[in-house]
Amino acid sequence: MDKKEFSEFYNKNIDKVFRFIYLRVDTTETAQDLTSLAFLKLWKRQGSEISNSTAFLYRIARNQIIDFYRSKRKKPLSLDKVGEIADFQVTQPTFSEKIELTLEMERIKKVIQNIKPVYADVIIWHYVDDLSSKEIAQILKKREGNVRVIIHRALQALKEQLEV
Amino acid sequence: MQEKDLIKNLKDLKQIKPNQDWAFWLKSNILQTEPNNLYNKPRVKLAVFSFIPKYQKVFIPSLMAFFFVFSFTFAQTTLPGNVLYPIKTLTQNAKIHFASENTKPVVRLEVAKTRMEDLGKIQNHQKEISAITQNVRKDLEIVTQEIKKIDKKQVALNVSKDIQERSKNLKDLADGIPLDDKDREELNKSVEDSQSQVLALIIQTTDEINQCPSYLKDMLTDLGKYFNDVQEGLYQWSSDDIIKSRDLFIEANDAFKAEDCLTAIDKIESINILMSIYSLDVQVETSTPESLN
């Protein structure tokens, strides 16, 4: 993937990946940091064989979220740390413009964060980002039939949480 | 909430988008970095050596100590011409240096013999053979000088006899060394000189010890007279020293009667020391003409 290809791939996926991460973490800044790391890791892997870049990017993003909750104890990564990993000087301008959510959207985000992580992942991928069962199966490295079952159970879990 | 409404609400989340300035900034920064053309897989290290960095402080000195001890031990089996032979020579010199005065001649002779044996086992190292032969000759000369430095005559006699016994095969060892005629002649001369000198020392020391009784008898007689004649002069002495000197005199007499000449001389020497403390004018001469002790 050269610069041009990466640029096109980035433009196509930045919204989806950011949204996926944003719905799983608390703050915009954390979502920005984790999104940065996800794309950077993909760029650094240039030259290695990646059969499906989209699935690979989502897997990276998912692992970033898992690492974030596991090892950082929900503390967002500092921008200095991001810069250190990325090998570039961070002269980060202020991008903390608050994302406006309706009350209903805010409520759904909170419920998504309260269900099982794998359910939250498939809900976002399938219903928000319009990924097919096949694409999700590639990300999770599961069979498509299993993914359909997970999507069904995830929607039920979300409904139950919303009714509480 | 109906499932249909829920899905519609979920679709509304598509409105969530990152700040476009941030997205642009991020992309341009990522593209400025150099990608890894080849994904760097972690280098595989052999687990068997993984302890080295952890125990470096202990491991390296231990390894050095082991290497040192190993070299030292291995060097003892080497012959002239080997790179480790100087370590062997060093060890031998250290043995001589740290030996006591009474054992030094024997140790030096044994070292000289070992070197001669080593020389007999090698060929084609003429330079080393010649240099070591010179050292052997010096050692053989020094042996007799070191015997002379031993204080006690009886000990010196015993050492001389021991050296004489151990020197019997020196000639054979010298014959086994591949030397040119001149060096061989010199070494043989040194061996013969050394053996002759040791024999001379044995005879001389034996004579001195054998002459002891006649001189000792005179000394005891003089000392007995002295104690009888100067009873009044002993008033300066402490009672303990008077008793001690008389005891020593009796012991010296007993040793003389038992033909233990050297013990008798020892006792008389002790009396002489007491007498010198009290600065008496008269001292009994205890030494034989050849300085018995």
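This is a predicted model: local features need pLDDT of at least 70, side-chain atom pairs count only at pLDDT 80 or more; totals for chains, interfaces and linings use all residues.
Q: What makes A:S133, A:I136, A:Q138 and A:I139 count as the buried residues of helix α7 of chain A?
A: A residue is called buried if 20 or more other C-beta atoms lie within 10 Å of its own. Within residues 133–140, the residues in that class are A:S133, A:I136, A:Q138 and A:I139.

Q: Which residues have the most contacts inside the largest nonpolar core?
A: They are A:I21, A:L34, A:A61 and A:I123, in a core of 47 residues. Helices of chain A, including α1 (3–24) and α2 (28–44), each supply at least two residues of this core, and so does α2 (20–32) of chain B. Both domain 1 (1–96) and domain 2 (100–164) of chain A give at least three residues to this core.

Q: What makes A:L34 and A:F68 a contact?
A: Two residues are in contact if their C-beta atoms lie within 7 Å. Leaving aside neighbours within four places in sequence, A:L34 has A:F68 among its contacts, along with others including A:I21 and A:A61.

Q: Why are α5(B) and α6(B) called roughly antiparallel?
A: Angles over 145 degrees count as roughly antiparallel. Helix α5 (residues 85–98) and helix α6 (residues 104–120) of chain B pack at about 165°, with axes 8 Å apart. The two helices are therefore roughly antiparallel to each other.

Q: Which residues of α5(B) meet α6(B)?
A: They are B:Q92, B:K95 and B:I96, and their partners in α6(B) include B:V107 and B:V111. A second, separate core of 23 residues also includes B:V111.

Notes
Residues are numbered from 1 along each chain as its sequence is written. Chains are lettered from A and ligands numbered from 1 in the order in which they are written. A residue is buried if 20 or more other C-beta atoms lie within 10 Å of its own, exposed if 12 or fewer, and partly exposed in between; C-beta atoms are placed from the backbone. Helices (H or I, at least four residues) and strands (E, at least two) are DSSP runs, numbered from the N terminus. A nonpolar core is a set of buried Ala, Val, Leu, Ile, Met, Phe, Trp, Tyr and Cys residues joined through C-beta atoms within 7 Å. Domain bounds come from an automatic or database domain assignment. Axes are lines fitted to C-alpha atoms, for helices over the stretch in contact, and angles run from 0 to 180 degrees between N-to-C directions. Angles under 35 degrees count as roughly parallel, over 145 as roughly antiparallel, 65 to 115 as roughly perpendicular and the rest as oblique.
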